[in-house]
Amino acid sequence: MFVNEAVLRDNYRPEELVERDEELSEYQEALRPVINAAPPKNIFLYGQTGVGKTLATRLVLNQLLSDQENYDDLNIKVVNLNCKSASSSYQVSVDLVNQFRDTSEKIPSTGYAASQVYQMLWNHINDLDATHLLVVLDEIDSIGSDDDILYELPRANDNESVEDTLVGVVGISNDFTFRDIECACEGQPVR
C-alpha cells in the first residue's frame, strides 16, 4: 500500500523541505556572514512542533559545511545540543563541554562552579582549529529563565574569552512566548 512506509515514522528525516524555499533562503542569508569570514549572526528559530525547524537547520548547516570546501580561509565547526534535558544554563554549558571531550573525560552535571565550566568551554573552543563555531541549541526554551548561556556564548569573542574562533548561536524553540524574552545577545526582543 505504501511505496516507502519509513516516511511515516518519527525518526524519518527527508533530504529536502518541500514548500519552504523562502524560509530556507532567509536562513541561508542570515548565515552569509560566515561564508564571508565575518562574525556570525545569532539566529533564533521558533514555530510549531513539526514545521521543520530542526530539519531546516540541519539542511542549511550541512550545505554551509559543504560550501566551506570552496574557501581556503574557512573552517566551520558545528556543535548540536538538544536542551530538552537541561533546565539551566549551567547544565547546557556542562553538556557543551562534554561535547568536546572523550567519554572517559566527561565532567559530571554538578560539582563545578559555573565560572569553571565556562572556562573549560572557552578552553575547548580556543583549542579548535576553526574560524567559526556555530552552536545549535535545540529546545532552547527548556532552560527557562536561567539564560546566562545566551549571554555568554554570543559575547565570548567580545569578552575575549574566545580569541580566534568566531562564535555564533542558533537557538530553536517551539515555545512562541520564548520570543518575548529580552535577548541578552542582541539587546532586542527575539523575533
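The buried residues of helix α4 pack against β2, α5, β3 and α6. Buried here means under 20% relative accessible area; exposed means over 50%, and partly exposed lies in between (1.4 Å probe, protein chains only). Eight of the 11 residues of α4 are buried, so the helix is largely enclosed by the rest of the structure. These are S89, Y90, V92, S93, V94, L96, V97 and N98. Helices (H or I, at least four residues) and strands (E, at least two) are DSSP runs, numbered from the N terminus.

The model is predicted; local features need pLDDT of at least 70, side-chain atom pairs count only at pLDDT 80 or more, and totals for chains, interfaces and linings use all residues. Residues are numbered from 1 along each chain as its sequence is written, and side-chain values use heavy atoms, with hydrogens and water left out. The pLDDT is the predictor's confidence in each residue, from 0 to 100. Its mean for the protein is 87, and 84% of residues reach 70 or more. Over residues 181–191 the pLDDT is below 50. Beyond near neighbours in sequence, that stretch still has 25 contacts in the model, a contact being heavy atoms within 4.5 Å. Where pLDDT is low, the predicted coordinates should not be read in detail. Among the elements, helix α5 (residues 114–127) has the highest mean pLDDT, 98. Helix α1 (residues 21–30) has the lowest, 86.

The secondary structure comes to six helices and four strands. Along the sequence they follow the pattern α-α-β-α-β-α-α-β-α-β. Of the 191 residues, 40% count as buried. Among contacts between residues at least 6 apart in sequence, 73% join residues at least 24 apart. The accessible surface comes to about 11100 Å², and 42% of it belongs to carbon and sulfur atoms. These areas come from the Shrake-Rupley method with a 1.4 Å probe; for residues, only the protein chains shown count as cover.

The largest nonpolar core has 29 residues. A nonpolar core is a set of buried Ala, Val, Leu, Ile, Met, Phe, Trp, Tyr and Cys residues joined through side-chain atoms within 4.5 Å. V92, L96, W122, L137, I149 and L153 have the most contacts inside this core. At least two core residues come from each of β2 (76–82), α4 (89–99), α5, β3, α6 (149–152) and β4 (166–173). Helix α5 supplies the largest share, six residues. A second, separate core has 18 residues, among them A30, I35, A56 and V136. I149, in the largest core, touches S89, V92, S93, L96, Y118, I143 and P154, not counting residues up to four places away in sequence.

Strand β4 is mostly covered, with seven of its eight residues buried. It pairs in the parallel sense with β3 over seven bridges. Strand β1 (residues 43–46) also pairs with β4 in the parallel sense, over four bridges. Two strands pair if DSSP finds at least two bridges between them. In β4, G171 is the bridge partner of F44, and G168 stands opposite L134.

H132 lies in strand β3 (residues 132–138). H132 is buried, with a relative accessible area of 1%. Its side chain makes a polar contact of 2.9 Å with the side chain of T131. A polar contact is a pair of N or O atoms within 3.5 Å; within protein, one must be able to donate a hydrogen and the other to accept it, and residues adjacent in sequence count only if both atoms are side-chain atoms. Residues up to four places away in sequence aside, H132 touches V34, A37, A38, P40, L74, N75, I76, K77, T165 and L166.

The loop between α6 and β4 holds T165 and D164. T165 is buried, at 1% relative accessible area. D164 counts as exposed, at 65% relative accessibility. A polar atom of the T165 side chain lies 2.8 Å from the backbone oxygen of A130. Leaving aside neighbours within four places in sequence, T165 is in contact with I125, L128, A130, T131, H132, L133 and N157. By the same exclusion of residues up to four places away, D164 touches N126, A130 and T131. D164 and D127 are 37 residues apart in sequence; their C-alpha atoms are 9.4 Å apart in space.
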